[in-house]
Amino acid sequence: MSLIEVEDLRVAFPKAGVEAVRGVSLSIAPGECVAIVGESGSGKSVTARTLVGLTGPGATVTAGRFTVKGQDALRFGQRDWRRLRGRFAGLVLQDALLSLDPLRTVGDEIAEVLATHDVVSRADRKARVIELLDAVGVPEPEVRARQYAHQLSGGLRQRALIASAIAADPPLIIADEPTTALDVTVQAQILRLLAARRAEGTALLMISHDLAVVSSIADRVLVMKDGVIVEEGPTARVLSAPAHDYTRLLLAAVPSAASRGTRLSAIAGGVSLRAPLPERHVGHGAPVVEVSGLSAAYGTRKVVDDVSFEVYPGETVGIVGESGSGKTTVARLVLGLLEPVSGGVRLNGDPWSGVSERRRRSRRSGIQVISQNPLGSFDPRYTVGRLIAEPLSGSSSDRKARVIELLGRVGLAPDIAGRHPRRLSGGQRQRVAIARAIAPRPDVLVCDEPVSALDVSIQAQVLDLLAEIQAADGTALIFISHDLGVVHHISDRVLVMREGRVVEEGHVDEVFFIPKHDYTRELLGAVPKLAPAEP
Amino acid sequence: MSTLQLTRRRGLAAAGWLGPVVRRLGSGLAVLWAAATAAYVALLFAPGDTVDVLIGDGLDTPERRAQIIAEWGLDRSALEQYGDYLARLLRGDLGHSYILQRGVGDVLSSQIWPTVSLALTAAVFGVVLALVLALATAGRRSRFGDLVGLSELVVVSVPPFLIGILLLAVFSFTLGWFPVSGDRGFVSLVLPAVALGLQISGVLGQVLREGLERALEEPFAVTARSRGITEWRLVIRHALRHALLPAVTLLGWFTGVLLGGAIIIEAVFGRPGLGQVTVSAVTGKDMPVVMAVVLLSALAYVTVSTIVDLAYLAIDPRLRRSR
């Protein structure tokens, strides 16, 4: 008997006028791992939450058939659902910093499940909490149980969240983007932990935007788009022989070593994938940016330690590393937003660090930035047109014409100029950020995690756009990312950073195919591959 | 296994409390000192002779002038006077009212309890009412909830003295349930406390409800629900603490409402208290009493804001040990 069986599930939010799920059928057998893959707004999270009766207020749920443990879930009241939650299915959400109550200790959060379902007697609860933390691989569980989510590292608090989901030993875990906010090595650990639970017989429903993440663990994959399952089947089959265009598009959009020099997104109107990108010319001779022996510290803590590199015209230099490795600090130093403790930065041959801001100002147009969250870098009262025109000079009509031209270059319609960035989608906002960054015709663009918050298909479009701009303008890129696939796709050379130091650097193929440093090997080993699960 | 027990077991210092507590007490003392100094400077630079200012509308005789000069040390250097003044304050000597012919400390201590009992009763009434209504209506759209929201808005917009007069008209004059004026035990406290407390409950209720509703939409609330707990438990065990954070911020504002409101409410209900004392001291230019009232309200504010800051630490562990 299946744990959950649902046919023709429909979830609508009538007040918002949205039908989020439109006829989804799925079943989960005991011990099975099923994955739902889709982009934001595909309805995958709503589907997952509906399976435990947590669709939220104002939703109407209908289904042809909906059974949980063989019982008719369409007749469930709140009391029936409560009995199942935690006991029958444990829920693991993204980012435990928000998904664990920040005002309660981790131990109290886990004990809540034990108390609600009377798993163990009151006297044994504390001991059981510590056992559970130990079981999910949290070191020093006695100490951790007394701490709060913000006192734990990202990996530890995600483990704690999993401990609370499995506290009542449910036969099913529903994991909604369980590794999305995590570093790649930590992500690998969490995936191993979930796989271990599965090996012990727990069924797993994984929700993710990342095909690679689920491919290592799922038996079956369901690809969801606009509330509908467009394709489903065994993981190996879906990945190797996708039947639906959307699945093909998703797979082709994943950047990797193999996608270098090719487009990730389909050209508008066309279906041909992986078309070659325009030729890019990398200059030699004088570098645009020269960084030598750069060090920086916050207080007494050294965050960047003796970093040196050059960037040549038209070249892309990738910087990879996990959170806290100092890669964003390097970006701030290169942009001249932070003064180094020692070492220096030269821009176009002239000193850039250690000079007064007054002398830097006229040269600032030569170096521009694209950040992860463009909305935070926009004045919310400005229209898109005003944002892009800000660095431009000339008459009002000249500037207006140039704004339209720039919008065209980043693939946006001219009427976007009158809109406010808040009203745009994430991908459109990042295009606006790119248009603003290239407006003063910079020699180098510093991109700090520019595609990390985007869906894979949007990421593909933005990466293609950056490549086009580079080919046309000969702009150099400093590309900072935690995503090794993205960096391998776009970069010529790469720097691997750890704890403020560059541990390895070189041509991206050399570094990623024949890594010399242990840490590079560890990073590469942790990257989930688009390969079917081992039988 | 409550968090508070754990905190106690680990000791104040380990939980990151010691530093903030010491810092808060230190800055509280500094504010009190500044208030005392400001009151003193205001006295010295008030227009006219300091002796005239201190006498106010009191009887002006050569003997009394000599007494004031001796008492305030006005024949000595400014620095010595100031030192003397602070030393007297530290001993608890607030000076002498030349109009009432009594020690200021004596005047205040006889009048402080009616005001404190009024303010505390009003605060307890306001807080309890706000909590009950917020818990009963948060997260549920109902006709009752709409009615509560509307009443809160009305209560916040109407000045307390008007509420007081309305209460008097209904419950004292018409129904005769409560005395019209004076201080005759708890019965006479009810209407003034309600008049004063309603405004607090109106504002606090809105803030609490909004805080509860916001907390109930956070991801951790989804996680908590996914453990199978009831909505009521979710509100009490999780959401309420989150809602308390913005509510606690209002405590400082309460102090102002209660102090300022007490003066008016005491007049409306003909109650004795600091309000009456302050009004007659200001109209009679009784400077020593006015200065003492200033110091007293500064003390009240410092006490409350210290409590507020420590309450933040108690509620939100993220603020402890933050540098």
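The model is predicted, with local features needing pLDDT of at least 70, side-chain atom pairs counting only at pLDDT 80 or more, and totals for chains, interfaces and linings using all residues. Residues are numbered from 1 along each chain as its sequence is written, while chains are lettered from A and ligands numbered from 1 in the order in which they are written.

Chain A holds 21 helices and 21 strands (DSSP runs numbered from the N terminus: H or I of at least four residues for helices, E of at least two for strands). With a radius of gyration of 25 Å, close to the 24 Å that the globule rule gives for 535 residues, chain A is as compact as a globular protein of that length (the radius is taken over C-alpha atoms, and the rule is 2.2 Å times the number of residues to the power 0.38).

Chain A is divided into domain 1 (31-46 + 82-254) and domain 2 (289-526), with bounds from an automatic or database domain assignment. Their C-alpha centres lie 33 Å apart. Across this boundary, 12 residues of domain 1 are in contact with 13 residues of domain 2 (contact: C-beta atoms, placed from the backbone, within 7 Å). On the domain 1 side, α8 (184-199) and α11 (245-253) of chain A each supply at least two residues, and α8(A) gives the most, with 4 residues.

Turning to the partner chain, 29 residues of chain A are in contact with 22 residues of chain B. On the chain A side, α2 (78-84), α3 (96-99) and α4 (106-116) each supply at least two residues; α4(A) gives the most, with 6 residues.

Definitions and conventions: Two residues are in contact if their C-beta atoms, placed from the backbone, lie within 7 Å.
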